[in-house]
Amino acid sequence: MGRVDLDEEAGFPINRDQQQQEEEEEEDEQQQQEEDEPAGEQKGCCDRFHYHVSRWMLPEDLRETYLERANCLPPPIFIILISIGELAVFIYYAVWKPQKQWVTLDQGIWNSPLTYKPEMRQEAWRFLSYMFVHAGIQHIVGNLVLQLLLGIPLELVHKGFEVGMVYLGGVLAGSLASSIFDPYSALVGASGGVYALIGGYLMNALVNFREMIPLLGIFRILVIVIIVGTDVGFALYRRFLSTEAGLKVSFVAHIGGGVAGMTIGYVFFTNYNQKLLKDPRFWFCIVGYIVFLVFAALFNIFLSPAPH
């Protein structure tokens with residue numbers, strides 16, 4: 001009888017070890033492929049949403065850091081609460097106060113203690129509270145849609161404090177700019193805050209254009225230009241051409257809010273994962289904003305041609 005190779009006869013254990021090794025290698029390979037895939041393609045709805053938000057809001061080198069920290073808690077509470085507040089005030093004046101129609105509200109909002117009126121500017125809260133009052137259903141729907149579509153993704157990335165500072169800074173800049181450059185006009189609506197968000201986002205899209213997806217960058221900028229052009233055109237029409245009764249509503253708040261967004265908003269929204277206090281642009285914008293506030297306050301107290 002010939003010699004029997006025991007290794008060949010007992011090949012099962014050897015083959016089993018080889019098979020196990022091959023399976024482990026395949027698992028490692030598959031795991032590596034999954035890690036290389038975009039996070040939004042392998043996780044739940046919340047993670048997929050954050051993945052798409054990062055593509056719209058952040059340049060490529062910051063997306064990974066954002067996705068590592070991103071979660072749905074806390075929710076974008078500031079922009080949601082401010083929108084609910086504005087909607088509640090609109091419903092109050094449209095339903096509980098006598099109005100002929102919802103399309104354009106009249107005496108209810110003009111007599112409101114929230115509306116900014118040049119002859120009552122000594123009531124300082126009106127420089128902010130006018131954002132809760134809207135002139136009609138088309139006015140509030142436009143502002144709510146814009147601020148929710150833009151504000152929620154911004155707040156998910158930059159959190160409520162920064163978005164709130166930019167939004168309220170735009171509201172205040174809008175009313176103060178209106179009191180200087182259009183001193184006889186009243187003011188209602190949240191357009192100053194909305195335009196601050198738009199201005200900050202536009203500057204972010206322009207500065208980081210090369211680091212973002214080109215087609216998305218072009219689309220973002222075109223959408224903003226179309227929205228802003230349409231809205232400002234409508235505001236100019238209401239201010240100079242409309243024959244509707246009532247106070248003339250200023251359009252300057254749009255410009256003031258937009259400038260605030262393109263300065264302070266730009267600094268806040270381009271400093272993801274960085275310390276603002278160490279950024280000289282932050283201090284430059286803050287000092288400039290404070291100088292503007294002081295000048296506007298002195299102008300309204302001593303120089304404004306509007307009646308006191």
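How many residues does helix 3 have, and how far does helix 3 reach from its first C-alpha to its last? In this predicted model, local features need pLDDT of at least 70 and side-chain atom pairs count only at pLDDT 80 or more, whereas totals for chains, interfaces and linings use all residues. Residues are numbered from 1 along each chain as its sequence is written, and side-chain values use heavy atoms, with hydrogens and water left out.

Helix 3 (residues 45–57) has 13 residues and reaches 18 Å, close to the 18 Å expected at 1.5 Å a residue, the expected span being 1.5 Å times one less than the number of residues. Within helix 3, His50, Tyr51, Val53, Ser54 and Met57 are buried, that is, under 20% relative accessible area with a 1.4 Å probe and protein chains only. These residues cover an arc of only 165° around the axis, which puts them on the same side of helix 3; the arc is that of the directions from the helix axis to the C-beta atoms. The buried residues of helix 3 pack against helix 4 (60–69), helix 8 (137–181) and helix 9 (191–207), where contact means heavy atoms within 4.5 Å.

The chain as a whole has twelve helices and zero strands, helices being DSSP runs of H or I with at least four residues and strands runs of E with at least two. Buried residues make up 44% of the 308 residues in the chain.

Phe268, Phe282 and Trp283 form one aromatic cluster, in which rings pair if their centres lie within 6.5 Å. Both phenylalanine 268 and phenylalanine 282 are buried.

How values were computed
Buried < 20%, exposed > 50% of the residue type's maximum accessible area, 1.4 Å probe, protein only. Phe/Tyr/Trp six-rings, centres within 6.5 Å; stacked < 30°, edge-to-face > 60°.
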